[in-house]
Amino acid sequence: MTAKLTAVASLNLSDLEIPAELENQLRRADLFTTGVVACCHDLLKDQTFDGEQTGLFISTAYGPMQCNLDVLDALVAEEPLSPTLFAHSVFNTASGYASRIFGIHGPAVTQTSFSYPFFTALAQAKFALEQAQLTHAIVVQAETYSTLLEDGKGETATPWPPGAVAWLLGPEGLELQYIQVNETPCPPLSRLHYQATSSIGTRHHHPLSMGLELNHLFTTTTLPTRYDIDSGFGTVHLQFGDPT
Amino acid sequence: MAHSICVTGLGCCSSAGKNLHQSWINLCDNRCPPPHQPSFPTVHNAPVFSIHPSWSAPDVSQFAGQITTPLNPTTLFCLSAIRDALAMAGLSPESLPSKRVAIVLGTTVRCHFHNNDYYRNWKQGNVQDQGPMDCYLNDNLATMTQQILATHGPATVITNACASGTDAIGIGRNMLLADQCDIVIAGGADELSPLAYHGFASLLLCSESPCRPFDVNRGGLNLGEGAGIMILEHEESARKRGIRHCGWIRGYGAGSDGYHPTAPHPEARGLIRAVSTALKDGGITSADISFINGHGTGTRANDRAETIGLKTVHLDQCPLVSTKGVTGHTLGGAGGIEAVLTMQALQEGYSPGTIGCIEVDPELVVTPCNAEEGSTLAGSVGMSQSLAFGGGNSALIIEARVK
């Protein structure tokens, strides 16, 4: 089956209002998991899909970082560690929440990269659809932010917006014809001082930015036939076909 | 099409041994070092399996990349296994930069920032040295490995908790099938860390004695550390290079429980889907499977759910073992190490018993092999499976090219 882009969703976590129907289920969740679930909720609200034939491909550069630091707080203070807190610091906890809440029983893969996490996950989802392993795939990237990272970047750096982007791939929509992600070695701080350029001329300064740009284009105008990204840590090439 | 993906190289290190050869001999002879209290301060009394005392860090200068920053243990375990796997595959480090190489590695510990000293100083506004932050930004296992090997192509970390290594091999195989690369370096690695140790202890999942997978008196898991790596490529590629491969990744499947943040589904819903998908993917039936390297952590919930899942998919008659009694639970490394040991067992036509298991729990619906029940295998196709936090499950169908 050809992979087609059916729907998109974007979320800014700094002004998020958790939907009432998710409040109980997310009462213990950290910001990262909340971002993944809330973005999926927005993505799937008008969609029909079979959870048995749907996969979840979650990606992130920094994961549940604040939760990670909360665990360190307990460790450096030599205090007992909360099992709930530890469980939420594990990167794929968000996939457990999302699969449970949305009834998804296909593969639930979480992957992380400082470079192009969304596009690497997208390539995996595209392959799963083309192999007819699934009828739908949800591709999500979520990023939280912490003052630790901000300090690491230095005083002149602009803080990133915490947020999430999600795509639903399925049998209908805009054909995703091609995707290729090539990473190349680069110095570590180049990843924190993120600088990438897309083929429509936009300069991107954080790893969520390209997904946000594509979502904006999808919802306001149309996606370009080709969309390429270039940076010191590699390239991404995307090609879209005709909508059906 | 899946039949064309072969395994040309294997490498592993863990408490069982510094390399695959030593690990296999120690596993068969039950000569592996026992677990011990961790070297870091803790109030918990839960032993761990640390890397085998004969293991030493690989010489990084043998690889093409120029790396000057210090490397963490997870990366060094991984490089040790990669070095061995590349040698078996007949791939010199100098040859890699000219190929399309995907690096797909599972890890959990190394996704986190866990430099406690830096963090303590940062909280006190007393950071003098950004080195630890640089290290963190260099710590993505796949990206760092790519830098060291100076390769070009996809590089990603699969962080599906305890299933990470299994998924990494499956996803790496998919990348070959999708023509995203020519060679795949896939598997998993993790090191012992205070963060994971205290986390698992807080969840009351750790045994206070050496773990006893599938045993009636099992009391939980012991954490471990190490790495397991496979080199994958198209069979045609291996043939052109004149390399005799050791077998195939026949199938891969994954399934999600959608049940609980940390506990497996009691009826193994996701595992059943993962195994069924993997069998279908490989065109294999349950009757073709002659050996299963189970997840077998030694926790009551895991072992119960895992055996229920196997019974449901009619995999209750072939030898089922766990190797965690000699490696401990190496988290993101487990799937890689266990896939490598599965291939080795299939090649040898022999399965050691489950070290640590003295009396199989009679309540399990499948009867795994205890420590004394090493057995000759009836065929060359086996399965390595993983169950994870978050309800992730995955399975690899592996076929050995019999010697």
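Trainee: At what angle do helix α3 of chain A and helix α3 of chain B pack?

Mentor: Before that, some ground rules: this is a predicted model, where local features need pLDDT of at least 70, side-chain atom pairs count only at pLDDT 80 or more, and totals for chains, interfaces and linings use all residues. Residues are numbered from 1 along each chain as its sequence is written, chains are lettered from A and ligands numbered from 1 in the order in which they are written, and side-chain values use heavy atoms, with hydrogens and water left out. Now the helices: residues 65-76 of chain A and residues 116-123 of chain B pack at about 95°, with their axes 10 Å apart. Axes here are lines fitted to C-alpha atoms, for helices over the stretch in contact, and angles run from 0 to 180 degrees between N-to-C directions. That makes α3(A) roughly perpendicular to α3(B), a label for angles of 65 to 115 degrees.

Trainee: Which residues make the contact?

Mentor: From α3(A) you have Leu69(A), Leu72(A), Asp73(A), Leu75(A) and Val76(A), and from α3(B) there are Asn116(B), Tyr119(B), Arg120(B) and Lys123(B). Contact means heavy atoms within 4.5 Å. By type, the residues of this contact split into 5 nonpolar, 1 polar and 3 charged. Ala, Val, Leu, Ile, Met, Phe, Trp, Tyr, Cys and Pro count as nonpolar, Asp, Glu, Lys and Arg as charged, and the others, Gly among them, as polar.

Trainee: What does Arg120(B) form a salt bridge with?

Mentor: Asp117(B), with the closest N and O atoms 3.1 Å apart. A salt bridge is a side-chain nitrogen of Lys or Arg within 4 Å of a carboxyl oxygen of Asp or Glu. Both residues lie in helix α3 of chain B, 3 residues apart, about one turn of the helix. Arg120(B) is partly exposed at 32% relative accessibility, while Asp117(B) counts as exposed at 52%. The cut-offs: buried is under 20% relative accessible area, exposed is over 50%, and partly exposed is in between (1.4 Å probe, protein chains only).

Trainee: Switching topic: how many residues of helix α7 of chain B are buried?

Mentor: 8 of the 9, so the helix (residues 194-202) is largely enclosed by the rest of the structure. Among the buried ones are Tyr197(B), His198(B) and Phe200(B). Their cover includes α3 and α4 of chain A. Just after α7(B), Leu204(B) takes a positive phi of about 60°.

Trainee: Last one: where does Asn302(B) lie?

Mentor: In helix α10 of chain B, residues 300-312. Asn302(B) counts as buried at 6% relative accessibility. Leaving aside neighbours within four places in sequence, its contacts include Pro264(B), His295(B) and Leu387(B).

Technical notes
Helices (H or I, at least four residues) and strands (E, at least two) are DSSP runs, numbered from the N terminus. Angles under 35 degrees count as roughly parallel, over 145 as roughly antiparallel, 65 to 115 as roughly perpendicular and the rest as oblique.
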